[in-house]
Every structure is written in structure tokens, then in C-alpha cells.
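Subject: Structure for your review

Hello,

Here is the structure I said I would pass on. My notes follow below it.

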Amino acid sequence: MSANFFYTIEVIANGLMTGVMYSLVALGFVLIFKASGVFNYAQGVMALFAAMTLVGIQSGQVPFAHLINVIFGTHLDKFGWEVPTFIAIILALLVMIGFAFIVERYILKHLVNQDPIILFMATIGLAYFMEGFGDLMWGSEIKKLDVGLPQGGNVWLESATAGWADGFYGFYLDNLDMWATAIAIVLVASLIAFSNYTKTGRALRAVADDNQAALSVGISLRTIWVIVWSLAGFVALVAGIMWGAKSGVQFSLSLIALKALPVLMLGGFTSIPGAIVGGMIIGVGEKLFEFAIGPYIGGATENWFAYVLALLFLVFRPQGLFGEKIIERV
Amino acid sequence: MFYRESGDFKTTYAKDTQTFPIKLDRMGYYTILAIAFVVIPTMLVMNVGGGANYWTNAILLPFLIWAIASIGLNILVGYCGQLSLGSGGFMAVGAYASYKLMTSFPDLSIFIIVLLSGAITAGVGILFGLPSLRIKGFYLAVATLAAQFFLVWMFNKVQWFYNYSASGQISAPTRSVFGFEVTGATASAEAKYLFCLVLLVGVAWVARNLTRGRIGRSWMAIRDMDIAAEIIGVAPLKTKLSAFGISSFFIGIAGALFFAVYLGAAEVGEAFGIQKSFLLLFMVIIGGLGSIFGSIIGAAFMVLMPVLLKNIMVGQLNWATDIAAHFEFVFVGALIIIFLILEPHGLAQLWRLLKEKLRLWPFPH
Amino acid sequence: MTATVIDGELDTFPKLLARNAVKFGNKAAYREKEFGIWQTWTWAQTKDEIESLALGMLALGLNEGDHVAIIGRNRPYLYWAMTAAQCCGAIPVPLYNDANAEEMAYVLEHCGARFAIVEDQEQVDKVIDAQETVHGIDEIIYLDKRGMRKYDHAHMNAYEDVQAEGRAGHHRLEPIMQERCAALNLDSTCVMLYTSGTTGRPKGVVLSNRNIISAASSSSGFDHLNASDSVLAYLPMAWVGDFIFSIGQCFWTGFCVACPESPETMQTDLREIGPTYFFAPPRFFEGMLTTVMIRMEDANRLKKRMFKYFMDHAKKVGPAMLDGKTVNGGDRLKYFIGNILIYGPLKNTLGMSRVRVGYTAGEAIGPEIFEFYRSLGINLKQLYGQTEAGVFVTQQPDGEVRADTVGVPSPGVEVKINDNGEVLYRSDSSFVEYYKNPESTADTKDADGWVATGDAGFFEESSGHLRIIDRAKDVGKMSDGSMFAPKFVENKLKFFPNILEVVVFGNGRDTCTAFINIDLNAVGNWAERNNIAYASYQELAGHPEVYQTIKEHVEEVNISVAEDSMLSGCQISRFLVLHKELDADDGEMTRTRKVRRRIVEEKYSDLIEGLYNGATEVSTETEVTYEDGRKGSIKATVQIEDAKTVARKAKAA
Amino acid sequence: MNATAESYVTEDGRTIGAPVMEMKNITLKFGGVTAISNISFDIREGEIRAIIGPNGAGKSSMLNVINGFYHPQEGEIWFHGEKRKPMKPYQIAQQGIARTFQNIALFKGMSTLDNIMTGRFTHMKTNMLMQAIWKGPAEREENLNRDIVEHVIDFLEIQAIRKTPVGRLPYGLQKRVELGRALAAQPKLLLLDEPMAGMNVEEKEDMSRFILDVNDEFGTTIALIEHDMGVVMDISDRVVVLDYGKKIGDGTPDEVRNNQDVIDAYLGVAHD
């Protein structure tokens, strides 16, 4: 066993864990798409916004402090208290639920019978809006997010595996990544349980299959939308915490979230397992590609690898890995 | 109100299908052309108000160039119904193509260079359009992100594209048309302006011609109902690729101008990042999907609006620039949503409705 | 007055055609909206088309003096057919294309048509139906080939095929045509037109070239019509006015005649063409004004107020400005602004912005309606005329236009009033005779050439303009001996947009009463806005609120009628809203939509009785004819309402 | 050529020619489901050929096979005496087969005129460069085709809605515009999928008249699916009856009317 083999294993493991993070964002897309047919481009920005809100609440920031200051000439900054992490998470979640209400009330309601492509473009607008709004509310500087998750490499694993081969210094895996993976798995499991074993969950699935059927069950479509957007907000919050803890809360977070798009294309827009498997494939694929080929072509291939992979994949299987075959009716 | 159409009747199909069938519109069109080609250049030469360079750089050039790009994207999205988020990447192709051509063939007229850059971009566009046969809707939109990220990465990493310069930047040497310098540091404001204007008028004219006839109808047929289009003999792939090609041709021209005439020097990630793709998409949505006129006013709107916001918030209210920038995001985002809800066909449709009202005046309908 | 001298060279239509083809060779003669654009024929092309058809008909054996029936809506081809018939020495007889088979059969039989040139399958079918009883129609030529493939073509040809044959045989046939044309002169029959006739069967009015050409030339001179003018031909081709405009004046001056795409698109086509010379019956202007008002109802308040403000101003100064009277600068400026904001756009949407000379005739036009158009700056004038006169008896010169007169005698026309108050005229344009009807001819036209119009009227002393009161035989006396002029009152009532048609009774009685037809368009619109549901005309007509509105109109008219001492006895004391619309298909009106009073009186005698015996409602049953010719009947209980009248003023000493 | 291939003249004087399209032993399956099973029939030049059958009988699938949306697993299609290779729908359109859809498939964003102009697509040849320049060949071609389209508009009596966006038209008119689009292609074979579905009696009469006129004036061969038996029996020359993907009758309206299998299928006799 050469060191290279173990390094490859390490890359794969890292890829898997990154992939889980992608999946986490992708899950939000899938939830909304299944229930309302909206392809929510703003999912990434929602994660960013959720993370910013969390940090803001946690650190006792005064919302819109900059704006209030320039308008009224005040010098507001912080309230001077710090909110315990758990309570801050609950509050941030409430904000995201409130946000879901607003989206349904002011946007979706008015776009009910529009083309999917129009809805998609509306969510791009929403993404822009939220990005500006989040910056206005909490400031645009890079923030550090600490919810008490362990950071840094796992020393135990590294030292335990060091020396398995010549020139191999042991597996380097990030503690946070491992935690994130665990949380993501719990989240996915609970989502699946939710949609299979609760009344609301079943209603959500009914809506995905047939709007009329759902109406006959007696749940209003608008309620469903609020629920799924709230759920998506929750998922975004979790994703935001993970990504934010890893690389700080900043604008690029919303771009990382874009990676969820190729994940979805691979996994299919309507499949939760698809989102997970797709995330893994993308995560592992891009890390391996960078590891194996990156150095020869200038590196930073993660920027595009996922998209190109998804593109090529789609040409041969337009419905994605788990999507249903599209039959054109005449 | 101002329309007097009675007695303005058509005796041939050519007159019936002309671009401005109403006399007043025709007159308005000629007036705008006269202002654009005579009045504005004169004012620039005379430097009326002393801000010729500011006006050219802050408003006129960006407007003209974005209008070209916007017409390009509108052909793909508005006419052919293929959503693309890769426009920034295609602009970059135009920019780098023009850079390579300018540095490789110093004697070539910049006019030819710009057109060639467009042609090269068209080729790249067609390549990335190939999957459109199998992928539809926002699947395709996401797929075009591949073009965006891959192309930007490529221009960043492959040194040949920027002639191995240390900074990784490209900068435009001085080149001229008919003896007038239009690129480089010494080019005059009016020369740059006129050069871009001529190209915009040319692009708009070609776009109008393409969209009014057989090809335009085949694009719209694919957009409105691809199955029915196929049944009357429209070959889907060929049609979509032609839209990708033409669209990218225009976007490539815009990219070349954006780099060579407007920026002068550029770094790919910054100048042609994904934000540019979205900006262009917003121009098309706000201006009006499926309207050449809409593309132009959409570009005007998206160029003017930030300048205006900045002037008000930074210039008048003395706010910090970053707050103004955040506001711009909020404003643009809200505007997009509002337009999609209230008027999915954008400013062009509002204009059409207004015109319809004026034509019916004093009657309400 | 002297008649216009007709140049000997231009005494027939083939000669006028030849002149125009040279003089106006490349100028548009006829246009028609077809296939989406205005197809245009120059005079040179027109000549070729006409002659080809003439040659083709010669080949089919058309003889001198034959009658050629022409049936269809206004289309250049059918106008050409008229001249083509003349080129063969035959006489064109245009027929009302909406006539039913029975009416058509009568006219075809009466004129003894040998050829029929018809528009389409529908008209072909009518002619074929008529052929069961009418013999002597040897050839049918149809314009539209659609659906015609299966017909027996032994004596039937497509228009273009006839033309093709004519072109093919032009060497052989042209000399014959030249010969026939040369044989024509001023006294040859130009056209035969059937009067719709308010009573009895239609009569064929024979008009010579002298009649038509003198009428065309003097009227063109009167209004300075010239080759740059244009007109929209949309009134029935069988009507004399259309013949004078679309053939007579058109050939005389060389102006352009435009035909609409279809009757439904007439308004749009009018707007597109924007004619400079326009004729329409009062009914048309009335309908148009009603539409304007209805459409303005939905405008926002600002626009409505603006409209009212400027229209009020226009009423004040518009007609005066049109007549060239002095108007002060401020008013002129205000009118100028109004012209930009309201009048100009309004005229434009109505298609009237280029109208230089507009005429209305046939019936009196409401002063408000008349003033409305004049105040907008449209030079709308009135004329008085009839088929027998080649249209023109009197007309209003520019600058002397009023709603209540019909103008001065047209050039070359002598007019006098006989002892009974009946208007008589004499001119070069007066008809030759009624075809195959010497008694009627003698009744109407005396040995000296004076033609009785059947209308009562008088010359106003102050202006020298003629005023028409009513049909001479309809002007009667009430039981107290005062004058009964129903038309006078009817017209006043008809000026309300809600009222479409009125019939006033009272001859030999103490009081006047009336039948009223509401305008379904205007009242229906009102009902819709007020959430009043109705399923039929009958239901709407019987609605109490409608009655109330009509009652207000009637009372308003009574006040105005009372002001005229001679006619104040004609106030309406009781009225009813009729349960069905008066209809030409039921014989209640003529095809030109004039009420046949006698038939109405007979048919609704029970209702009239109710009006005079004080009943508050009458149950009745009425026979109706449906569009497809089936007969049926409708039952109704009609309400009768009283209206306030004003006490008579003491008669002026 | 055998005896059946010879042309004959109908009672109303139209000439019906040899078969233009022959379906030979067509079988079409979706997964395990057999939509069409071993069906053969032909369509003769100049005739109006109806395909009828209860819901789910495979009628629409048959039309989809004819114009290339579905590719049958077995069987041959002969068009104008040649065996047809597997083709894309647009290639089949170029061969002169046009159709209308059961659910209106107009281009919603375009006017009536543009919709029908699109029907001329296969007849227009100017290339992209000429189109871009417009003046010259492209404009000439456009105007020439406009003239043809205007004749179609005139034929269908839809002049008044020429420039109206089709989305604003009532259902009956939309159907007519769709027929116009197919007619503009001047097809050799016109397929109509339930042209009268959802129409009232008057609209049906109009549509029947148009179909008969198209056949009569232009000699267009027409194959149509229609549910209204009265209309089918009135206007068609021959009828083929499908039931559960099988052909159960084929012949003149009279023959079909008296066919026991057909009567059973329509009266709902149980299938075993």
C-alpha cells in the first residue's frame, strides 16, 4: 500500500464529507421543488442569511445599525448582550419561518400559475433582495460563527493512522466536517421520517404528486408552501451553521451553495436520496479530480468541475440519477 | 393622443410589416437616431458641461455595450426560450478573443476584430448549446453555469490567453477605425461612443431582421411549444443552436467592446464573473423578454439605476458607499420580483400598453 | 339656374374611363382591403380590368340593351362590372345583396336580366333559386370561386375566367366593343336602380348618362371634388348615392374609391383609409356618437372631465370656426389645445380626420348629433335628394350649414313648392322614367319635367334654404285642425342615444302617441353597468327603469315641441316601448331602414288602440321572421305609460 | 399495382387516387403496454379518412406514429410508394405531412398571422445571412409567403383576428387558427386530431365545412380522428375503427355502421 493510495482514501473521505454539505443545501431545493414546483435559486442566499442572522443575534448586534446610523446620525452597534447559542438558533429559525410567510404572502401567491421559468427568475430576484437585505441588516463584513462545534483536524485519527505507509502522515480529517456529516445524516433521517410518518409530511408528498389531490385532503396549498419554505429555511440554517463555522459567514457562502445546483441535476430535482447521492458524487468527484488532474492544469478545478460533470451527465440522462423518465405527451 | 394614423394605410406587405408601421413612431425613431449620431457626439466634442469623459464612461459606453449584450441574451432567452446563466463567460470569450486577435494581428481593423471575436464566441456558444437538445428549462440554466465557471476558470488558468502576463490581466492596445482611435488610453470619448453606437445599431438591425422572419418565428415556435414547432418542420437542435450562435455572437461583440473600448484592462473573474450573467439577465427581464426595444431600455435602466441611486445616496445623502451598494441589491431584487409579478414582459410591454392607450385616446379601450 | 354643360367627348362612362386611363393612368382608382393589405388598381389597370370583362361578356353573348344584374357587397370588381356592362351597350342593374330570394326574384323578373354578376356562392344560390320562377337569366358570372366547383357550369363562369376569355379574344371582340361604345350617347341608359319604396313594390328608376353625368359633374363642382380625394364605398351598391359617388363622381373627377374588407371591419377600414369625402345616413353618425359616448363612460374621471370641458368649448366655437366666422383669440387657442387633446385624436380614431366634405341625408339628423361632428371640425353637411333626381335636389354650401335645413337647390336644379306644400324639382339629372311603369312615371313627373318628391317643405325666407317637414302624405291634421307632423317629433326623440326608432300616431286624433324602440346597444350597456340582468330585447324593453328613462326623454321632447306654436299639438301624451325591434325582414322597415308606417299601423293596431283607450297594458302576439326565413311569433304584454305635456301656447296672431 | 390501388370517382365528383400512405402491421408498445397491435390500413389520395374508436383505442397513438412522434416496434410505413425510414417529426413534416392537435398547440406568444406564417416554415429557404440582411431575397420570400398565408386567412374567414395574439382568442377560433397553420404548409396529407372536440353545434358545422372545402378545393388528403359519429359518417369517405389497439372495422361509413364488431365495441359489449 503506497502513501498515494492512502492519500486517495483521504481525498475521498474529505470529498464525501464536502458532498454531504452540498447535499444539505440541495435538500432545501428538493423540499421546495417537490412541494411547489419552484426552483428556488435563493436557497444558497437563504443559508447565508440564516447564518448572518444567527451570528447577529448571538452577538447582540443591532439590526440595521449602519442604516439607522447614517439616517439619524446615531452610533448604534451592539446591544451589549450575548444570546446563548441554543436560544439564538431558535430565534434565527423563527426569523426564517417569518421569512417563509413573507415569501408566500408577497411573492408566491402572485405567481401561482406562472411558468416555472418565471418562478425561477423570481427566486433569482429574491436572492438579490435577501443578499442586500442581509447586508443592510447585519453588515457585510466577514463574521465568525461559533456554535461550539470542535474545529481543526482530528488529532487522534491523524496520529493513529500515521505511518501506515512510507511518507504517509496519517489521515487528516476535520472535526467540523465529521460533525457536519453526522448532523446532516440525522437531519436527512428526520426529514425522511417527517415526510413518511407525519400527516403534514404525507400531505407534502401528496402535493408533489398532484395539487388537486392535496386540496381534496383538505390542506390549503398556501399553508403547504409556508411549511416547505419554513422547512427549507430550517435546512438553510443548518447548512449556514456548518458552512459558516467552517469558512466564516461571508458572501462567498452563497456561491458555495450554488454547488448544490449540479448536485440536483445529478440527483434529480425531486429525489431526496438523489440529493444525497448526488452530493457525494460531486464532492468526491471534484476532490479527486483536483487531486489527480488539478495540478497539471492549473488547479482550482473545483470551480467548474461539478457543473461540467453535471452537464455531461445530463446529456446522457436528462432526468438525472433518480428522476422519473420524462415521457413527452402529444 | 399624439397618434394620427387615419389615412396611413398599407398597400404592400413590405409596408405592413415594416419595423415602425406607424408614421409617428417612424419619426420618433429617426429623431432618436439623429440625436444619437449628431447631437450627442457634438456635445461630447464640445465637452458641454465639462463632463464628457464622465458621461461617456459612466453612462454612454456601458449602456451601448450592455444593450448589445442584452439584445444577444434576449434572442436566446426571450425569443427562443432557452434560459442561460452563462453570459458572463461568453462575454469573457469575446474579450479574450479580441485581446488575442489585437495582439496577434496588430494591423487588423478593430472593427473586424470585434466581429471576429463575436464569431468565435458564437462558436463557443454553439458548443455549450449542444446539450439544449436534451436538457430543458432550468436544467439548461444550471447547465449554462458550467460554461460560466469553466470559461472563467480557463481564462484565469491558461496563461496563453493573457499572453503570459504576470498580473494575469489583459489590457487593450491602441487600435483605430478609419484613422480614429477607439481603444487604448488615448482614444477620444466621442470616437469610442460612435464606434459602440454603430455596432449597437447594426446589432439591433440584424436582430430585428432575424426575429421578424422565418428564423425568428422558428425560435418563438420552439419557445412557445416545441412539440408543435417540430410538427411543422422546425428542427429543434438546429433552431436552438442558431439561437445560441446568434446570441453568443452579439454577446461576444459586447464582451470585446466591454474589454477593449470600455475597460481597457480586465481580469476575468472580476470583469466577467457570474454577477455579470445575472445583471444581463435582469436587463432582459426588466426590459422585456422577446423585445429588442426592451433589451435596449432594460440595459439603459440597469445602467442608469445604480448611477442614480449612488448619486442620491452617496452624493446627496452622504451615505457610505457600501450601504448604497446593499440598497442597490435590495432594489434590483425587489424590482425583478415586482416586474415578474406585475408585468412579466417588462418595460417594453409597459411601453406597448402606453402606446396602445395613446392610440386609443381619448377612449379607455 | 343653368345646367352644367357636358363636354361632348365625355358623355358616356366608357369615354370617361378612357380619359382617366390617360389623364390619371398611374393614380389609384379603386382600392380594396383584401388579404391583409389595400390592394390597389390604377386607372390604367382599371380600364384593362373593365374592358377584359366587357370583352368576355361579349364572348358570352351579351347583347345591346340587355340588363345585367349585379349582386354583392361593395367590391371593385362589381363596380367594374357596371361599366363593363355599359361598354357592351347593356344596362347594369345593381341589386340589394341582402335582399331575400323573393325580393330578388321580383327585381330579376321585372328588369328581365339576362346576365347576373354576383359575388359568391351565397348569391349564386339565390339567383338559382330565383330561376325556378324567373326565366331569361342566361349567364351567371361569379366572383369568388370558393365552393363553386360542384355547380353545373354550363351557363356559369368565374369572373376571372370571363376576363381571361375576353383577353384571349380581344382581337375578335374589341371592334364589337368599340362599336357598342360608339353607339352610346348622352341619352343612353346609364343604369337602372330600384327604389326601395316606402310603399309597394320597388320601382326601377331609369337614369340616362345625361342624368348621372350632369349630377356627378355639378355636384363635384359644388364641393370642389378632385382626383386627390378618396371615398369609402360601404353603402349598398343598389342605392343611387353609392352609384353617384363610386361610379359617377369617381369617373368624373378621377378620385379613389376604397372598399372595406368586410362589413364587420368597416369601422377599422374607415379608420385606416381616412377618406376625404364621406357620406353616411344620420343613423350611422348617430350610432357612432352613441359608441363614442359609451366608450367614454368607461374612461377615468380626469379624462371624462377633460372630454366634457373641451367638447363644451367645441360646441361653443367649433361650428363657427368651421363656417369661417370670427372667433376671438382666446377661444381659438383653447380650441387649438382641445384639438390636440381631444378633437384630433377623436377624429383620428373615428377615421374622420381627413374628411373635407361629409354628407348626411335620407332623414333629418339630430341637431346635437350634427353639431357634435361639426364642432369637432368635420365639415358635415346635409343634402336632400332622391333616386329619381340622381341624388341631388338641394345641398348645403360650405359656410351655410345648419341642422334644420337641407340647403339651397343644387347647381342646375330648379325647385318649387306647390300649393299642397309639396316640393317639386326639375333638372338634367331628373330620371327618364320608371321601367315598365308609365302610370307611376306620369304620376311623379309632369309634362314639363317637374318631379314630385312626395315631401312637404318650405323655403325659409331669411336664408333661402329648404326645410323639409315630412312625407307630404304623412303630414296630417289633428282633430282640432292643427298640424300633425310625426317625423318632426320622431326625429327629436331619435336624437336620444337610448332611442333607436320611433313611430308617432295622431292623425285625426286629439292627442299624439308613440311606439318606441330602444337602442339595444346603448341601453344594454347601461344595464350592464347597473347590474340589470336581461335575457332578451323584449325583457330589457319592458324593464321599469328603462320605461322611466324613456319617459324622461319623451317629456323633454314635449317641452321642446311645445315651443313651436305650429306643431305644439304634436306632444306625446302616451307611449309604449315596443316589445320587438322594427325589422326589414318583417316588412316593418325598408331595406334602407325607413319605417313603413302603414304596415306598422296595421300590424300593431291592437297596441294603438290601447294607446288611445286608456289601457295601462296590452297583451299582443306578433309574427316575426327569423334570419333564415322561418316565421314564428312572439307574445308579450306591453306596458303603456303616460307622459306630461306642456300646455299649448296661444297661437301667434 | 393491384385492383384496389386504382382510382375512382366519388358520387360528388371528387377523384380518389391510389393509396398515399400505407400502414403495414404496425405494433407499438410502451414498456409492457401494447398501444397498437398489428394494425394495417391505407389512406388514399384525395380522400377523407376517419379513424374512430372508443377512448384508449390507440387513435392518437396512430397519428403519432404517422408523424413520427412514436416509432413502432414492428411494421412498415409506406408513403408515396416508398418505405419510410425512421425519421424525426420535423423530417416528416418536410415530406408534406401536417397536423393539428387534440389539445390546441398554438404558439401563444404570437399573433394569428405569425402562427400561420410559421406553417410556411418548410417552404421558406433563405439562409441566416439573407435573413439578417432582410432586404432582397428574405423580404421577397416573406412577402410571397405572406400572400399564401393571407389566402388561408381568407379561406378560414379569420381576417378580423389577423393581428390578435392567439392567446386572447376563444377556443373555436383557436382551433381554426391551428387548422390554418397546418393548411399553410400545403400538406400532401393532413392529420386532424379531434378537430371538433369541445365545439358547439354551429362551430362543428363550420369546421366540417372547412374540412370538406379543404379537401374539395385543394384536393388535400385528410386523416382525422373524431368522436362525433354524426360528423364522421357525414364527411368521411372511409372509416377505420380501432378498439383496444386492434383494428375491428374498415370501410365506407355504411359498411362500418353495419359491422357487428363495431356495434359491439360502441355498445360496450364486454371484452374477454
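Among contacts in chain A between residues at least 6 apart in sequence, what percentage join residues at least 24 apart? The figure is 73%. Please bear in mind that this is a predicted model.

Chain A overall

Chain A contains 15 helices and 0 strands. Its radius of gyration is 21 Å, close to the 20 Å that the globule rule gives for 330 residues, so chain A is as compact as a globular protein of that length. The C-alpha trace of chain A spans about 65 × 65 × 40 Å along its principal axes. Of the 330 residues in chain A, 46% are buried.

Where chain A touches chain B

The contact between these two chains involves 40 residues of chain A and 37 residues of chain B. On the chain A side, at least two residues each come from helix H3 (65-72), helix H5 (116-138), helix H12 (260-267) and helix H15 (302-316). H5(A) gives the most, with 16 residues. By type, the residues on this side of chain A comprise 30 nonpolar, 7 polar and 3 charged.

A hairpin in chain C

In chain C, strand S27 (residues 617-625) and strand S28 (residues 631-639) pair in the antiparallel sense, over 9 bridges. Within this pair, C:Thr622 stands opposite C:Ile634 in S28(C). The hairpin of S27(C) and S28(C) has 5 residues between the strands, and C:Gly629 takes a positive phi near 95° there.

Regards

Methods: Residues numbered from 1 in each chain as written. Chains lettered and ligands numbered in written order. Predicted model: local features only at pLDDT ≥ 70, side-chain atom pairs only at ≥ 80, totals over all residues. Contact = placed C-beta atoms within 7 Å. Helix = DSSP H or I, 4+ residues; strand = E, 2+ residues; numbered from the N terminus. Nonpolar A, V, L, I, M, F, W, Y, C, P; charged D, E, K, R; others polar. Pairing = 2+ DSSP bridges. Rg over C-alpha atoms; globule rule 2.2 N^0.38 Å. Buried ≥ 20, exposed ≤ 12 C-beta atoms within 10 Å, placed from the backbone.
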